[in-house]
Amino acid sequence: MHLRRVLKSSPQDLWLDTLRRTRGPEHDTLVYWMLGQTECDFAIAVHAFYRSDPVLHLDDPKPLPLRPGPSDLFALVLLNWDTGSYRTHRVQVEPLDADPRAIARTKQKLMAHPQGSLPFKIPQRFLEPTGGAPIKVPPHLQPNEVSHLWSIFSELGLQVDANPPGFVRRVARAKALFQRFSAIGRRA
């Protein structure tokens, strides 16, 4: 709930940064929440779409559920697109969000299905996700640099530095440097 409150009043850049920090199915409820918000950017939808492995759905095409849950991100993205969601595209889709190989495999699998034979439609826009500006998270919203955000992200298991920002992190980095130079000195 704390993270949702932070995201609700934050730019979409932080949303995409947060999405990139998720680790897997354990964070699908957070992704599901993002996709259900009216302000959700196209780049976030594309990231979630390719995260859901569209090739798997093209290999075994099934009708989309009417009410997709957190484990049905593929269906949620496509159904929301059909209702007019994700039309705002301020943030750039990068290879980290939609791997060019995944896009190529999806296009290839789509060519194997005759027009109209699938129980769902993948929009052309998802196959050529261009546009938007590079991600730019403001310094006061960077989870690795702001202690209250770091604690929220860390508690949820999102990818952040192992140590909190501030003195503790500086001490940990100094120890790591000292250990690295000690190891080099022992080899010499």
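This note sets out numbered points on the structure shown above, which is a predicted model.

1. **Salt bridges in general.** Side chains of opposite charge can pair when their charged atoms come close. Across the whole structure, the search returns eight salt bridges.

2. **Arg20 and Glu94.** These two residues form a salt bridge in which the closest N and O atoms lie 3.7 Å apart. The pair joins distant parts of the chain, with Arg20 in helix α2 (residues 12-21) and Glu94 in the loop between α6 (73-82) and α7 (100-111), at a separation of 74 residues. Arg20 has a relative accessibility of 18% and is therefore classed as buried, the limit for that class being under 20%. Glu94, with a relative accessible area of 24%, is partly exposed.

3. **Arg20 and Asp97.** A salt bridge also joins the side chains of Arg20 and Asp97, with an N to O distance of 2.7 Å. Asp97 belongs to the loop between α6 and α7, whereas Arg20 is in helix α2, so this pair ties together parts that are 77 residues apart in sequence. Both Asp97 and Arg20 are buried. Taken together, Arg20, Glu94 and Asp97 are linked in a network of salt bridges.

4. **Asp60 and Lys62.** Another salt bridge is formed by Asp60 with Lys62, the closest N and O atoms being 3.2 Å apart.

5. **The setting of helix α3.** Which residues of α3 are buried? They are Asp28, Leu30, Val31, Trp33, Met34 and Leu35. The helix spans residues 28-35 and is mostly covered, with six of its eight residues buried. The cover over these buried residues includes α1 (2-8), α2, α4 (42-51) and α6.

6. **A nonpolar surface patch.** Leu177, Phe181 and Ile184 make up a nonpolar patch on the surface, and their accessible area together is about 300 Å². Leu177 is a residue of helix α10 (residues 167-187). Its relative accessible area is 41%, so Leu177 is partly exposed.

7. **The largest pocket.** The volume of the largest pocket is about 330 Å³. Its lining consists of 13 residues, and those nearest its centre are Leu110, Gln115, Gly116, Lys121 and Ile122. The elements that contribute two or more residues to this lining are α7 and α8 (124-127).

8. **Gln115.** One of the residues nearest the centre of the largest pocket is Gln115, which is found in the loop between α7 and α8. Is Gln115 buried or exposed? With a relative accessibility of 82%, Gln115 counts as exposed. The C-alpha atoms of Gln115 and Pro139 are separated by 47 Å, and these residues are 24 residues apart along the chain.

9. **Val137.** Val137 sits in the loop between α8 and α9 (147-155). Its relative accessibility of 15% places Val137 among buried residues. How far apart are Val137 and Asp17 in sequence and in space? They are 120 residues apart in sequence and 7.7 Å apart in space, C-alpha to C-alpha. Leaving aside residues up to four places away in sequence, Val137 touches Asp13, Leu14, Asp17 and Gln142.

10. **Positive phi at Asp53.** Asp53 is not a glycine, yet its phi is positive, at about 60 degrees. Asp53 is placed in the loop between α4 and α5 (54-59). Its relative accessible area is 33%, and Asp53 is partly exposed.

11. **Positive phi at Tyr86.** Tyr86 is a residue other than glycine with a positive phi, near 65 degrees. Tyr86 lies in the loop between α6 and α7, the loop that also holds Asp97. With a relative accessible area of 2%, Tyr86 is buried, whereas Asp53 is partly exposed.

Key:
Residues are numbered from 1 along each chain as its sequence is written. This is a predicted model: local features need pLDDT of at least 70, side-chain atom pairs count only at pLDDT 80 or more; totals for chains, interfaces and linings use all residues. Side-chain values use heavy atoms; hydrogens and water are left out. A salt bridge is a side-chain nitrogen of Lys or Arg within 4 Å of a carboxyl oxygen of Asp or Glu. Helices (H or I, at least four residues) and strands (E, at least two) are DSSP runs, numbered from the N terminus. Buried means under 20% relative accessible area, exposed over 50%, partly exposed in between (1.4 Å probe, protein chains only). Patches are made of residues with over 30% relative accessible area and no salt bridge: like charges are joined within 9 Å, nonpolar side chains (Val, Leu, Ile, Met, Phe, Trp, Tyr) within 5 Å. Accessible areas come from the Shrake-Rupley method with a 1.4 Å probe; for residues, only the protein chains shown count as cover. Contact means heavy atoms within 4.5 Å. On a 1 Å grid over the protein atoms alone, a cavity is a set of points where a 1.4 Å probe fits but cannot get out, and a pocket is an open set with protein on both sides within 12 Å along at least five of seven lines; lining residues have an atom within 4 Å of a point. Grid points are joined across faces, edges and corners, and a volume is the space filled by probe spheres set on the points.
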